[in-house]
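Please prepare a short briefing on the structure shown below.

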Amino acid sequence: MTYYNGFPIQILRGPVPLSHLLLQNFVRDGYSAVDATCGNGHDTLLLAQLVGAGGHVWAFDIQQQAINATGDRLAEESLTNRATLIQRGHEELARYVTSPVQTVLFNLGYLPGGDRSIITLPDTTVIALKQSLELLMPNGIVIVTIYPGHNGGNEEQSAVENWATMLDPREFQCWRMNQINVSTSAPYMILVQKTS
Ligand SMILES: C[S@@+](CC[C@H](N)C(=O)[O-])C[C@H]1O[C@@H](n2cnc3c(N)ncnc32)[C@H](O)[C@@H]1O
């Protein structure tokens, strides 16, 4: 965190800090949230902080390394009991999360600092996105950070955009948020809100 005159400043370098800014606005005490790709646990930790003692986070990842890193990060902040860590693919989301949630977060691609050949895949990502909308409460949001720049990233970008552009605007508000002064292959974000 950067500070100016003692106040925290959020530097919006890329979509992840922007997604955090939005989560800080949307996620309230007592909410249920899903981190569909927990990776190193940064997003899960923020969600666990935001949902408070009365809320809960379900965090998925297929890699043991990611589950361990996320568990360690939560433990450092004494927030272990606010999250359930599930070492399964997010395409099994609906099997593990059976009650409605207010927020689902996808941070696609590979695990930073891990095996870059293990990436999220178009088919399973779209399956999980469809399940997320089924689970979402009215006014709830799904945030997807997309990384077109790595091998396979373009295909996943197309799959997610095809899914998102087909959503009925009477039911879903669907936004694409990208930086306009960077490469077209830079990461960016899609946000879907289920209209009440
Ligand atoms: C960019 S990282 C996530 C970063 C993470 N949210 C954080 O805060 O550090 C993407 C993660 O997706 C995971 N992943 C790949 N396929 C998956 C799947 N089918 N279901 C759940 N996670 C998956 C990878 O193992 C990797 O850890």
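The shell around the ligand has eight nonpolar, twelve polar and three charged residues. Here Ala, Val, Leu, Ile, Met, Phe, Trp, Tyr, Cys and Pro count as nonpolar, Asp, Glu, Lys and Arg as charged, and the others, Gly among them, as polar. In all, 23 residues surround the ligand, and the closest are Thr37, Gly39, Asn40, His42 and Gly89; a residue is near a molecule if its C-beta atom, placed from the backbone, lies within 6 Å of it.

This is a predicted model, in which local features need pLDDT of at least 70, side-chain atom pairs count only at pLDDT 80 or more, and totals for chains, interfaces and linings use all residues. Residues are numbered from 1 along each chain as its sequence is written.

**The chain as a whole**

- The protein chain has six helices and nine strands (DSSP runs numbered from the N terminus: H or I of at least four residues for helices, E of at least two for strands).
- The radius of gyration of the protein chain is 16 Å, close to the 16 Å from the globule rule for 196 residues, so the chain is as compact as a globular protein of that length. This radius is taken over C-alpha atoms, and the rule is 2.2 Å times the number of residues to the power 0.38.
- Of the 196 residues, 42% count as buried (20 or more other C-beta atoms within 10 Å of the residue's own; exposed means 12 or fewer, partly exposed in between, with C-beta atoms placed from the backbone).

**Helix 1**

- Helix 1 covers residues 15-26, and its twelve residues reach 16 Å from first C-alpha to last, close to the 16 Å expected (1.5 Å times one less than the number of residues).
- Pro15, Leu18 and Ser19 are the buried residues of helix 1. They cover an arc of only 100 degrees around the axis, which puts them on the same side of helix 1; the arc is that of the directions from the helix axis to the C-beta atoms.
- The face turned away from the buried side of helix 1 carries the exposed residues Pro17, Leu21 and Gln24.

**Positive phi outside glycine**

- Ser78 is not a glycine, yet has a positive phi of about 55 degrees. Ser78 sits in the loop between helix 3 (64-76) and strand 5 (83-86), and is exposed, with 8 other C-beta atoms within 10 Å.
- Asn139, in strand 7, has a positive phi near 75 degrees. Asn139 is exposed, with 12 other C-beta atoms within 10 Å.
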